[in-house]
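Visitor: I am new to this structure and would like to learn how to read its features. Could we look at it together?

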Amino acid sequence: AFCDSDWAHENLYGFCPRRYLKLSYRIQLVCHEIVRMEPDVVLLQEVELKTYQRLLVPCLQNRGYSGFYCNRASEQKWGQATFVRTEENGKASSGSLRVVSAKNLDLTKIWEDHPSLGPLIRSDPNLHEAVTKATTTVQVLGIAFEGPWIDSRRARGPVLFTSNCHLYSHPAAPHIRSIQAALLAHALRKEQKGGEAGWVGNLISGDLNAGPSEGVCALLATGRLSETHHEWAEGACFRNVATKKEREAQWKQQLSPGEVAAVRRAFSALDKSDSGFLTPAEMNDELKDLVW
């Protein structure tokens with residue numbers, strides 16, 4: 001949604017001719033690729049509401065897709081969009097999909113009911129600010145498989161829960177993304193327990209703002225994240241950058257991948273406490289003599 005802004009062109013995509021960054025050009029390519037590949041489920045992030053309503057829905061609805069939109073926890077009109085192919089040639093096919101539930105999860109609020117993360121977030125003002133102002137939402141659809149191979153005695157086929165998410169983007173806050181992933185996993189467990197029999201699994205998809213070696217991926221793959229993981233120590237030093245102007249001014253101050261790896265090795269070596277946290281004061285004491 002934001003590639004054709006002045007800031008993005010000046011700081012991120014200066015190598016690309018401006019005409020190719022225009023949304024009107026790129027959205028046509030997106031629709032073309034979806035139609036060409038014919039996927040059963042499409043999960044998109046950073047979708048403007050007007051783009052969803054005026055371009056994506058008219059294009060994909062005519063090809064048998066049902067669309068669902070989830071706005072960020074913000075007054076700005078953008079978020080996630082999921083399309084499910086529920087028809088073929090205008091009719092439900094013999095092996096079609098049916099959306100049986102749709103729910104938008106607000107990760108800025110659902111932490112309040114979490115038995116362990118709730119007290120943790122309340123106890124730390126910086127953590128509380130980052131979690132509650134992140135504007136992160138997740139779109140969860142229950143998709144039922146239907147066809148002649150389904151037991152006719154059942155009201156519907158097995159259900160797959162798909163989650164379309166766009167986790168917190170600040171590069172210096174990997175711990176927030178891990179917390180958000182834990183909140184999502186907890187909510188999905190409640191969702192499948194409260195649903196009817198026939199659940200077959202969860203598909204978590206979207207923009208995790210994380211590489212495969214980062215904590216959020218480890219958490220989703222194994223179900224846990226060690227209390228001594230380096231991201232908790234990094235998170236203890238994080239301060240939320242509240243305004244768009246501040247975030248953009250900070251962009252060029254971010255470390256390179258090599259520098260990030262070096263810093264993480266330092267955090268891992270320094271983080272010796274039982275809790276896995278390193279306070280900013282302790283970190284400053286340990287690092288004051290280092291020369292970068």
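Visitor: Is Tyr-13 buried, partly exposed or exposed?

Guide: This is a predicted model, and in it Tyr-13 has a relative accessible area of 29%; because partly exposed covers the range between under 20% for buried and over 50% for exposed, Tyr-13 is partly exposed. Phe-15, with a relative accessible area of 69%, is exposed.

Visitor: How many aromatic pairs does a search of the whole structure find?

Guide: A pair of aromatic rings is described by the distance of the centres and the angle of the planes. The search of the whole structure finds four such pairs, and one of them joins Tyr-13 and Phe-15, whose centres are 6.3 Å apart and whose planes stand at 75 degrees, so this pair is edge-to-face. Tyr-20 and Tyr-25 form a tilted pair, with 5.4 Å from centre to centre and 55 degrees between the planes; Tyr-20 is partly exposed at 36% relative accessibility, and Tyr-25 is partly exposed at 34%. Elsewhere, ring pairs link Tyr-52, Tyr-69 and Phe-83 into a cluster.

Visitor: In what order do the three strands of the open sheet lie?

Guide: Strands of a sheet pair through backbone hydrogen bonds, either parallel or antiparallel. Here the order is β1-β3-β2, with antiparallel pairing, and the edge strands, β1 (41-48) and β2 (65-71), each pair on one side only. Seven bridges join β2 to β3, which covers residues 78-85, and Cys-70 stands opposite Gln-80 in β3.

Visitor: Which strands does helix α3 touch?

Guide: Helix α3, residues 49-61, packs on the sheet and touches β1, β2 and β3, while its direction makes about 155 degrees with that of β1.

Conventions
Residues are numbered from 1 along each chain as its sequence is written. This is a predicted model: local features need pLDDT of at least 70, side-chain atom pairs count only at pLDDT 80 or more; totals for chains, interfaces and linings use all residues. Side-chain values use heavy atoms; hydrogens and water are left out. Two strands pair if DSSP finds at least two bridges between them. Helices (H or I, at least four residues) and strands (E, at least two) are DSSP runs, numbered from the N terminus. Contact means heavy atoms within 4.5 Å. Axes are lines fitted to C-alpha atoms, for helices over the stretch in contact, and angles run from 0 to 180 degrees between N-to-C directions. Rings of Phe, Tyr and Trp (its six-membered ring) pair if their centres lie within 6.5 Å; planes under 30 degrees apart count as stacked, over 60 as edge-to-face and the rest as tilted. Buried means under 20% relative accessible area, exposed over 50%, partly exposed in between (1.4 Å probe, protein chains only).
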